[in-house]
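Dear colleague,

Please find below the structure that I am handing over to you. A summary of the findings follows it.

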Amino acid sequence: MSNPLDKLVGEKKVIAVVCNQWGDTGKGKMVDWLASDWAEFVVRGTGGGNAGHTMRVGDLVHIGHTVPCGILNPDVYNLIGRGVVFDPRGVLEELLELEGKGIDYKKLRIAHNAKLILPQHLVMDRAKEASAGKDKIGTTGRGIGPAYTDHYARIGLTVNDMLNPDIFRQKLKRNLRDKKTLLEKVDREALRTIMQHEHLGRGIFFDWRNIFDEDAITERYVQYGERIREFIIDADALVRNVLCQGRRILLEGAQGHLLSIDYGSYPFVTSSDPSVEGLAKGAGLHEKDVELVLGVVKAPYMTRVGEGPFPTELGGKESARWCASHTKEDEEMEYPDASGDSGNEFEQGVAVRFRGAEYGATTKRPRRTGCLDLPLLRYAMQTNGPDVALTKLQVFDGVPAIKICKSYTYNGPDYFFAGKTLRRGNILDVAPNDVHVMEHCTPNYQVLEGWDEETQDIKSYGDLPKQVRKLVDFIEKETGAKARVLSMGPERSQTIVR
Ligand code: IMP
């Protein structure tokens with residue numbers, strides 16, 4: 001019997017998996033699935049420890065953050081590319097976890113020129129968020145923004161610097177100069193408290209007089225370098241070589257298109273470009289090298305973590321506020337019986353969170369939930385192309401009616417946007433890349449019939465309930481998407497190729 005994957009991959013040699021939403025769509029599973037049966041090399045190109053990619057194979061559940069999701073496949077090379085911001089503490093923790101689970105990571109490779117996340121980046125990330133008030137982004141606190149900022153400010157350090165202590169120390173000194181000036185005004189006790197965090201060595205990098213103890217940072221990072229020395233290579237050269245040899249390369253996206261620094265709902269975004277363009281570049285390739293871009297789309301619902309507009313959010317601002325300040329446990333205590341049938345949209349959102357286990361894999365925060373938004377999908381597809389993988393459809397098993405946003409009505413004050421004035425009542429089919437507009441968009445919904453059946457273990461498209469197929473047709477007709485893959489559950493085997 002032919003492998004259903006062949007239909008998807010054909011003779012292709014380079015495939016990219018990106019997310020067409022705000023992340024948390026199930027890229028980890030898609031990458032693991034493609035790595036288990038197709039890829040020879042998996043390359044991560046953007047982001048860092050802010051990502052949380054969950055993989056499930058039988059009884060094994062593993063959450064990857066920076067280590068690529070092909071890692072459960074010992075024959076596959078897993079590369080952390082140059083575009084990644086690399087926190088050696090976090091990665092070593094991941095490696096320990098892999099060891100504990102008996103997973104062999106001999107074929108892990110790390111780009112010598114990936115950017116380093118240093119203690120000052122975590123401090124800056126947390127200090128900025130703590131003082132930002134209503135302007136906070138809701139970052140993951142992993143130092144991502146400050147590390148990328150330093151790269152563009154030309155004062156960053158790289159993985160390779162950990163192997164050269166004198167260079168590391170010199171660059172560190174220069175890197176810390178502006179941070180110390182900025183943090184000079186912040187209360188020392190508050191900084192000391194931030195630096196007690198377990199991700200910051202529980203205070204070992206703190207110095208009362210100079211804020212940062214440069215010797216302690218250098219010593220610790222040189223030790224980290226020694227521990228990963230064997231994995232550090234020129235990943236750009238390797239990727240170009242294996243491309244020329246026609247080997248099978250899978251590019252692993254992180255975060256989502258709508259969180260892109262270039263394409264996302266700026267400023268409520270991450271600091272890298274998770275689109276196929278940013279991913280290819282960060283992995284050492286060109287976008288043109290990619291023969292299939294699979295844009296992952298959670299359907300028929302969406303989630304968002306952190307601040308920023310979310311037009312179809314169930315429960316609107318109440319949901320956003322709740323998710324920013326509560327935990328899963330709070331929610332289970334307060335809304336034990338939350339139901340999708342509730343007349344209250346906020347509670348419907350809680351019910352989706354329960355059913356879809358929508359709590360951050362990295363931060364454990366409740367994810368804001370809402371209806372599938374086609375204007376946003378049309379927007380993401382402009383960059384990532386028409387091929388999509390629809391995921392988590394089974395979360396809506398048993399839900400009688402499904403609301404999907406087809407377009408927006410602008411309901412804000414007159415606003416000059418991209419060469420014309422937007423007025424109240426204007427209809428928008430494609431999401432505009434402007435948060436002021438997005439904040440005033442009211443979704444126009446189409447209601448589709450739901451299905452009663454359990455769909456997790458259905459193996460062929462034709463066997464899915466007709467309502468699921470109608471939903472897929474509807475998404476395709478409305479957006480021009482081609483739903484190439486349907487993921488009906490977290491297991492590799494719960495995947496249908498069309
Ligand atoms: P940062 O990437 O930690 O700087 O966070 C910036 C924004 O991106 C915040 O709103 C985060 O919640 C969001 N974000 C970053 N990584 C992820 C992810 O993997 N999934 C979902 N949201 C993310």
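The side chains of Asp24 and Arg367 form a salt bridge, with N and O 3.4 Å apart; the term stands for a side-chain nitrogen of Lys or Arg within 4 Å of a carboxyl oxygen of Asp or Glu. This pair joins distant parts of the chain, 343 residues apart: Asp24 is in the loop between β1 (14–19) and α2, and Arg367 in the loop between α13 (345–356) and β15 (368–371). Helices (H or I, at least four residues) and strands (E, at least two) are DSSP runs, numbered from the N terminus.

Please note that this is a predicted model, in which local features need pLDDT of at least 70 and side-chain atom pairs count only at pLDDT 80 or more, while totals for chains, interfaces and linings use all residues. Residues are numbered from 1 along each chain as its sequence is written, and side-chain values use heavy atoms, with hydrogens and water left out.

Asp24 is partly exposed at 26% relative accessible area, whereas Arg367 is buried at 7%. Here buried means under 20% relative accessible area, exposed over 50%, and partly exposed in between (1.4 Å probe, protein chains only).

As to cysteines, the structure holds 0 disulfides, a disulfide being a pair of cysteine sulfur atoms within 2.5 Å. For Cys323, the nearest cysteine sulfur is that of Cys371, 14 Å away. Cys405 has its closest cysteine sulfur in Cys371 as well, at 8.2 Å, which is too far for a bond. Cys323 is buried at 4% relative accessibility, and Cys405 is buried at 0%.

Asp32, in helix α2 (residues 27–37), is buried, with a relative accessible area of 1%. Leaving aside residues up to four places away in sequence, Asp32 touches Met55, Val57, Cys69, Leu72, Asn73 and Arg492, where contact means heavy atoms within 4.5 Å.
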